Amino acid sequence: MSASPSIPVRDSLDRGREAFRTLPSFRVHLLAGMSARHAELRFMKQFGLRLLECRIVGMVGTLGALSLKQICRETDIEKAHASRLVDRLQQRGLVEKFESSQDLRSISVELTAAGRKLHKALYADAVERNEAWLSVLSANERRQFVGLVDKLIEKSPIIDQVAAISCGIFE
């Protein structure tokens, strides 16, 4: 029997991999993914809705009637996908679509009575989930965390470009 050849380990490669894992953008993406998966599972179990459907109900419930373009911007969902999600929500009786009074070529979306009831339940569930998630932080750490996340979002140089691409708006 011959011994299987060993594969050499290079320290420089190991350090490079570890360095990548420590990048703030990588860690934020990892955290966002974990949070999204947790919310998706919980929303499916509790409400029978996908995360992006809940995101639309959440934004329309918070901001009132929105055009499809506004929904795209507020939820970071591509226009074609948002349109399909709105159609599914309409079929379930949670939203209604109507012609926009400002632009007859576009539609606006508003919650139905059932949608408003769902919005309240979704929000209560999200508050509960956030409280559990942030419970490992002190009150001061929570304020700092939220403030820093807001600052990063506000100062992100790509945020408007991403919104324009997602919504099919090239200004």
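Q: Is the crossing of H2 and H6 left-handed or right-handed?
A: This is a predicted model, in which local features need pLDDT of at least 70 and side-chain atom pairs count only at pLDDT 80 or more, while totals for chains, interfaces and linings use all residues. Residues are numbered from 1 along each chain as its sequence is written, and side-chain values use heavy atoms, with hydrogens and water left out. Helices here are DSSP runs (H or I, at least four residues) numbered from the N terminus. With a crossing called left-handed if the near helix is turned anticlockwise from the far one by less than a right angle, and right-handed if clockwise, that of H2 and H6 is right-handed.

Q: Which orientation does H2 have to H6?
A: Between their axes (lines fitted to C-alpha atoms over the stretch in contact, with angles from 0 to 180 degrees between N-to-C directions), which lie 11 Å apart, the packing angle is about 135°. Because angles under 35 degrees count as roughly parallel, over 145 as roughly antiparallel, 65 to 115 as roughly perpendicular and the rest as oblique, H2 is to H6 oblique.

Q: How many charged residues does the contact of H2 with H6 have?
A: Contact (heavy atoms within 4.5 Å) involves, among others, Leu31, Arg42 and Phe47 of H2, and Leu118, Asp125 and Trp133 of H6. With Ala, Val, Leu, Ile, Met, Phe, Trp, Tyr, Cys and Pro counted as nonpolar, Asp, Glu, Lys and Arg as charged, and the others, Gly among them, as polar, the contact has eight nonpolar and two polar residues, and the charged ones number four.

Q: Which residues of H4 make the contact with H3?
A: The axes of H3 and H4 come within 10 Å and cross at roughly 110°, and the two helices are therefore roughly perpendicular to each other. On H3 the contact is made by Arg55, Ile56, Met59, Val60 and Leu63, and on H4 by Ile71, Glu74 and Thr75.

Q: How is H3 oriented to H5?
A: The axes of H3 and helix H5 (residues 79-91) come within 10 Å, crossing at roughly 80°. The angle therefore makes H3, relative to H5, roughly perpendicular.

Q: Which helix gives the most to the lining of the largest pocket?
A: A pocket is an open set of points on a 1 Å grid over the protein atoms alone, where a 1.4 Å probe fits, with protein on both sides within 12 Å along at least five of seven lines, and lining residues have an atom within 4 Å of a point. The largest one is lined by 38 residues, with Ser35, Arg55, Asn130, Val149 and Ile153 nearest its centre. H2 (24-47), H3 (51-63), H4 (68-75), H6 (113-134) and H7 (139-155) each supply at least two lining residues, and the helix that gives the most, with eleven residues, is H2.
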